[in-house]
Amino acid sequence: MKIALVGCGAVTQAVYVPLLSRRRDLFEVAAVCDLSRTLADAVADRLGAAGRYTVVAEMLAAGGFDAVLVLASGSHGETVRRALAAGYAVLCEKPLALTRAEVAALPEGRLMVGYMKQYDPAVRRAEELLAELGGPEIIRSVEVTVLHPSGESQLAFANLTQARDVDPGLLASLRSAETALVSQALGESAPEAVRNLYGVSLGSICHDLSLLRRFTGSPTEISYVETWGSAPGSIEISGPLPVQGRFTIRWHYLEDYPAYRETVVIHHDKGSLELVFPSPYLMNAPTTLTVVSAGESRAEWRDVTEAFEVQLAAFHAFVNDGKPPLTDAGGGLEDIVTAQRIAARYAVQHDLPIGGEAA
């Protein structure tokens, strides 16, 4: 299947380039696009792509591929809209967009939202075990802890090509457009603290929201939100699960923490299912699933199959065989709505202004 890439930054270079290089049985990269011609050329050279662009509209108009991978940072709504309107299948990295309106504006088409942790073999195994135990009805609580060091420290090993050739005026214009989208989501008067919380919720915590969707369904109520420390700082979120039980998410940005660590624990009446995720940039590093059952028995389960690679294979099956993705536009929208509920709860608790879609 011939594909095009939009965005040639850190995740593309560290994750997608090596995976696409070794999965030439599934994909041929025909074109790449990035604001930086330096990055576009670097990624195109590594993947053997003939098409090299700095403007998405020009790449879509030129064609020569079947599907588009949207891997750029920021809101993906407009790029996804353009690609779907042009008739291409789309795999879009999270988040799908920053506003509900962007999702509502998407035309009909083949769209898969990329939450690679949903495709992690340990997560799929935990889903199977939870179903055998009785599903969401038996959950007492879901407890999430994320220890998040700097992106630079996580990617120090990757020897990334840096972009130094993008027009500062263009960057300023894009940042202004993104600020306007956040204002549409939260209201023009939403303070920086609420905006920062929303950014972390959609940029990182959304992975945990996507896991809650798989295990229990999306929360329909947020009871409590607190932040502390210098932004992005620490964040705590809690509320009831849609069937029964409660969830808690504690997310900490720790600049110099030794390594990324994410733990998701499902407690039920007869034991626990504990998932411990490594840094997402460490290819084929296994997630550990620990099953605690009767007699305090503890069984660990690991699989070195790379979650990003499983996700890519699922996209191939979606486009060619019609196999539905784990997250489509509806699932991506659910996470945007939950992130807005998180921002709104924090604003109400602290007597801060909130408007826009979140109101």
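Colleague: The charged end of which residue sits over the ring of Phe277?
Modeller: This is a predicted model, in which local features need pLDDT of at least 70 and side-chain atom pairs count only at pLDDT 80 or more, while totals for chains, interfaces and linings use all residues. Residues are numbered from 1 along each chain as its sequence is written, and side-chain values use heavy atoms, with hydrogens and water left out. A charge sits over a ring if NZ of Lys or CZ of Arg is within 6 Å of the ring centre and within 35 degrees of the ring normal. At Phe277, the charged end found over the ring, 5.3 Å from its centre, belongs to Lys117.

Colleague: Which residue lies over the face of Tyr115?
Modeller: The distance to the ring centre of Tyr115 is 5.3 Å. The residue over that face is Arg213.

Colleague: How many aromatic pairs does the structure hold?
Modeller: Rings of Phe, Tyr and Trp (its six-membered ring) pair if their centres lie within 6.5 Å; planes under 30 degrees apart count as stacked, over 60 as edge-to-face and the rest as tilted. Among the pairs here is the edge-to-face one of Tyr16 and Phe308, at 5.6 Å centre to centre and 70° between the planes. The number of aromatic pairs in the structure is three.

Colleague: How many residues apart in sequence are the parts that Tyr16 and Phe308 tie together?
Modeller: Helices (H or I, at least four residues) and strands (E, at least two) are DSSP runs, numbered from the N terminus. Tyr16 belongs to helix H1 (residues 10-22) and Phe308 to helix H10 (residues 307-321). The pair therefore ties together parts whose separation in sequence, in residues, is 292.

Colleague: What is the angle between the planes of Phe315 and Phe318?
Modeller: Phe315 and Phe318 are three residues apart in helix H10, about one helical turn. Phe315 is buried at 0% relative accessibility, and Phe318 is buried at 12%. Their ring centres are 6.5 Å apart, and the pair is tilted because the planes meet at 50°.

Colleague: Which residue does a cis peptide bond join to Pro95?
Modeller: Most residues other than glycine have a negative phi, and most peptide bonds are trans. Pro95 is in the loop between strand S5 (89-93) and helix H5 (100-104). The cis bond there has an omega of about -15°, and the residue joined to Pro95 is Lys94.

Colleague: What is omega for the cis peptide bond of Ala231 and Pro232?
Modeller: Pro232 lies in the loop between strand S8 (224-228) and strand S9 (234-240). The cis bond that joins Ala231 to Pro232 has an omega of about 5°.

Colleague: Is Asn159 buried or exposed?
Modeller: Asn159 is in the loop between helix H7 (151-154) and helix H8 (168-186). Its phi is positive, near 50°. At 69% relative accessibility, Asn159 counts as exposed.

Colleague: What is the phi of Asn284 near?
Modeller: Asn284 sits in the loop between strand S12 (271-277) and strand S13 (288-293). Asn284 is partly exposed, with a relative accessible area of 26%. Its phi is a positive value in a residue other than glycine, near 65°.

Terms used: Buried means under 20% relative accessible area, exposed over 50%, partly exposed in between (1.4 Å probe, protein chains only).
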